[in-house]
Amino acid sequence: MIELNSFSKSYKVKNGFAVKDVSLKIKDGEITGLLGPNGSGKTTLIKAVCGFHFPTEGNITITAPDQTRFTTDENPELCMKYIGYVPEIPLLPKDMLVSEFLRYAAEAHGIPEEKIEEACSLVIKECTLEKFLNKKIRTLSKGQQQRVSFAQAIIHNPPNLILDEPVSGLDPAQIIQMRELIQRLAKTKAVLMSTHILQEVRSLCSDIYILSSGHITAQGTEEEISKSAGTKTLEEAFIKLTQGEAL
Ligand code: ADP
Ligand code: MG
């Protein structure tokens, strides 16, 4: 489980806050959706959860299933162990074979030599990469590369999975495959998924937070958000709650 407690972040080069006073919970076994237009602060929040930068105010607490509990600013080195991160733009070594890259990712996570093969086999199966093991990453489609990015994110079986816009740029068949993968992984993990695509939160997320100009403007299920915004649909609520920022 991950908790953001009055989290705020400002960048030195920019006036004001990119994210302001956000409190939210990412619960085990659920997919939490962070829905906001471009520039609303989704990636800023996600990078702080992963320990890549620290809160300007507030804190982020991670509680592991083994009851290890820490804040990202006090123990950033533990973030890598307890979190799997799929960035918006996959950072993959394009000239490596898929099999080589997964082995490299396992080593980077400190998985002992005798367990590397087992760890790789599990993620290869989970992310249906069997057919691509001997292919260079650059020869794969965007959807296949995204699955490789997922595989490296879960190679150490982290209890939390953080996904930044996981379906943007994919075609409809790839989106369906990605949704199924996310749903499977959420059975054993706490998942946070950012998106600006309403359809994605609708089909996947049990708990939705709407982010507008760095502020949470609504939280709940699709029905709860529409009701509190006084609208008939999530689309109308989204436009109302982001004050047309998306238009
Ligand atoms: P989103 O992921 O929702 O599109 P971001 O978190 O990337 O939003 O950006 C939120 C705001 O913070 C934007 O105004 C953006 O310009 C600003 N921002 C993001 N990263 C940086 C940075 N490294 N330095 C300065 N400003 C940044
Ligand atoms: Mg972003």
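A: Helix 8 (residues 222-229) lies across strand 9 (207-212) and strand 10, and runs at about 120 degrees to strand 10. The model is predicted. An angle of this kind is taken between N-to-C directions and runs from 0 to 180 degrees.

Q: Which order do the strands of the open sheet of six strands follow?

A: Two strands are taken to pair if at least two bridges are found between them. In this model the order is 6-7-8-3-9-10, and the pairing is mixed. Strand 6 (83-86) and strand 10 (215-220) form the edges, each pairing on one side only. From one strand to the next, the twist averages 15 degrees.

Q: In which sense do strand 6 and strand 7 pair, and over how many bridges?

A: Strand 6 pairs with strand 7 (residues 160-164) in the parallel sense, over four bridges. Within this pair, V86 stands opposite L163 of strand 7.

Q: How does one read burial, and is T61 buried or exposed?

A: A residue counts as buried when its relative accessible area is under 20%. T61 has 7% relative accessibility and therefore counts as buried. This threonine lies in strand 4 (residues 57-63).

Q: With which side chains does the side chain of T61 make polar contacts?

A: A polar contact requires a pair of N or O atoms within 3.5 Å. The side chain of T61 makes one with the side chain of N5, at 3.4 Å. Another polar contact, also of 3.4 Å, joins the side chains of T61 and N59. When neighbours within four places in sequence are left aside, T61 is in contact with M1, I2, E3, N5, R69, F70 and T71.

Q: How many residues of helix 1 are buried?

A: The test of burial is applied residue by residue, with the cut-off again under 20%. Helix 1 (residues 42-49) is mostly covered, with six of its eight residues buried. The buried residues are K42, T44, L45, I46, A48 and V49. After helix 1 comes G51, which has a positive phi near 80 degrees.

Q: Which residues surround ligand 1?

A: A residue is counted near a molecule if one of its heavy atoms lies within 4 Å of that molecule. Ligand 1 is surrounded by Y11, V13, K14, A18, P37, N38, G39, S40, G41, K42, T43 and T44.

Q: Which distances separate oxygen atoms of ligand 1 from polar atoms of G39, G41 and K42?

A: For G39, a polar backbone atom is 2.7 Å from an oxygen atom of ligand 1. For G41, a backbone N or O atom lies 3.1 Å from a ligand oxygen atom. K42 contributes a polar side-chain atom, 2.9 Å from an oxygen atom of ligand 1. Ligand 1 taken alone exposes 560 Å², of which the protein buries 64%.

Q: What is the phi of S6, and what is that of T128?

A: S6 is not a glycine, yet its phi is positive, near 45 degrees. S6 is placed in strand 1 (residues 2-9) and counts as partly exposed because its relative accessibility is 36%. T128, likewise not a glycine, has a positive phi of about 40 degrees. T128 is found in the loop between helix 4 (113-126) and helix 5 (142-154). With 35% relative accessibility, T128 counts as partly exposed.

Definitions and conventions: Residues are numbered from 1 along each chain as its sequence is written. Chains are lettered from A and ligands numbered from 1 in the order in which they are written. This is a predicted model: local features need pLDDT of at least 70, side-chain atom pairs count only at pLDDT 80 or more; totals for chains, interfaces and linings use all residues. Side-chain values use heavy atoms; hydrogens and water are left out. Helices (H or I, at least four residues) and strands (E, at least two) are DSSP runs, numbered from the N terminus. Buried means under 20% relative accessible area, exposed over 50%, partly exposed in between (1.4 Å probe, protein chains only). A polar contact is a pair of N or O atoms within 3.5 Å; within protein, one must be able to donate a hydrogen and the other to accept it, and residues adjacent in sequence count only if both atoms are side-chain atoms. Contact means heavy atoms within 4.5 Å. Accessible areas come from the Shrake-Rupley method with a 1.4 Å probe; for residues, only the protein chains shown count as cover.
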